[in-house]
Amino acid sequence: MMGTRAGLMLAGAAALALAGCGERPQVLEYKQGSYQGKPDTPPYSNAPFNGDKTEWDRAMATRAQNQNEYKRTR
Amino acid sequence: MARMKFLCDAERCIECNGCVTACKQEHDIPWGVNRRRVVTINDGVPGERSISVACMHCSDAPCMAVCPVDCFYKTQEGIVLHDKDLCIGCGYCFYACPFGAPQFPQAGAFGVRGKMDKCTFCAGGPEKDMSDAEFKKYGRNRLAEGKLPACAEMCSTKALLGGDGDVLAEIYRTRVVTRGKGGEVWGWATAYGRPDTSGTGAPVPAPGGAPGGATPAPGGKS
């Protein structure tokens, strides 16, 4: 009788102790979404640049340096 | 490739709100929507500082990550834009954004909250460049005209800079080295120190300062 009870208690404890082993991760894995909207064109694709990226880059660089008064005032 | 960024020099910002006005005027922004705003810390206390804040066009933008309809995209220039035709105005991007950049008009088809509106770096959106549809939805496309954002270009003290991140870093580095103040802050060399191109592994000295342009504060990380 005692042995049966002890066995049951042992089995119960073992079941509780091993319960964590069957636990599955509950954190969702994040997956980067992909853009679902309309496509956009590069800013240099239309007039006045007409697809000339080099010219557009040059215009951007010139405008950016207009913000540098150390260069402007020299 | 250019990575378009904004940089605000708190030493120069005088809280004139000129950038806010320029943005609203340039894009015909309705009441209640502020794509850009000026935040003042310790307002009224001697030593107060102001910075102009808008969408920072994050390299790893949280708004893009949380959008349930995936209406965000990033251009080749690193500008974070979105498709208003797809936006459902749920507001997730507002909660995710650390800068409070996404704005929602308080009227429209969705009742109290319309489709999200935010700074486009004056790059318009997914409509034909410089078209009426693009202007109405996203505002003017200054980048397609070969211009930089209106807020930065009209800033009277040149506190707010906009453009290629490397160019802005160079302008700011020159400014800080010239005025001899600002280089002591934590992380200065990491943010504005010149990259090592010599191959020796040693930091490249900047004019008038220690490696990276200035001496770090005692105990501070350079």
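Two strands are said to pair if DSSP finds at least two bridges between them. Strands (E, at least two residues) and helices (H or I, at least four) are DSSP runs, numbered from the N terminus. The structure is a predicted model, in which local features need pLDDT of at least 70, side-chain atom pairs count only at pLDDT 80 or more, and totals for chains, interfaces and linings use all residues. Residues are numbered from 1 along each chain as its sequence is written, and chains are lettered from A and ligands numbered from 1 in the order in which they are written.

In chain B, strand β1 (residues 4–8) and strand β6 (residues 160–164) run antiparallel and are joined by 5 bridges. Met4(B) has Asp164(B) as its bridge partner in β6(B). Strand β1(B) is mostly covered, with 5 of its 5 residues buried; a residue is buried if 20 or more other C-beta atoms, placed from the backbone, lie within 10 Å of its own, exposed if 12 or fewer, and partly exposed in between. Met4(B), Phe6(B) and Cys8(B) point one way from the strand, while Lys5(B) and Leu7(B) point the other way.

Helix α6 of chain B (residues 165–179) has 15 residues. From its first C-alpha to its last it reaches 21 Å, close to the 21 Å expected at 1.5 Å a residue, where the expected span is 1.5 Å times one less than the number of residues. Buried positions in α6(B) are Val167(B), Leu168(B), Ile171(B), Arg173(B) and Val176(B). Their cover includes α2 (53–65) of chain A, together with β1, β6 and α7 (188–192) of chain B.

Chain B as a whole has 7 helices and 6 strands, and buried residues make up 40% of its 222 residues. The largest nonpolar core has 47 residues; such a core is a set of buried Ala, Val, Leu, Ile, Met, Phe, Trp, Tyr and Cys residues joined through C-beta atoms within 7 Å. β1(B) gives the most to this core, with 4 residues. Val80(B) is among the members that touch the most others. Not counting residues up to four places away in sequence, Val80(B) touches Cys55(B), His57(B), Cys58(B), Ala61(B), Cys63(B), Met64(B), Phe72(B) and Lys74(B); two residues are in contact if their C-beta atoms, placed from the backbone, lie within 7 Å.

Chain A has 3 helices and 0 strands. Its radius of gyration is 34 Å, well over the 11 Å that the globule rule gives for 74 residues, so chain A is more spread out than a compact globule. The radius is taken over C-alpha atoms, and the rule is 2.2 Å times the number of residues to the power 0.38. Along its principal axes the C-alpha trace of chain A spans about 100 × 35 × 15 Å, and 12% of the residues of chain A count as buried.

The contact between the chains takes 26 residues from chain A and 34 residues from chain B. On the side of chain A that touches chain B, α2(A) gives the most, with 7 residues.
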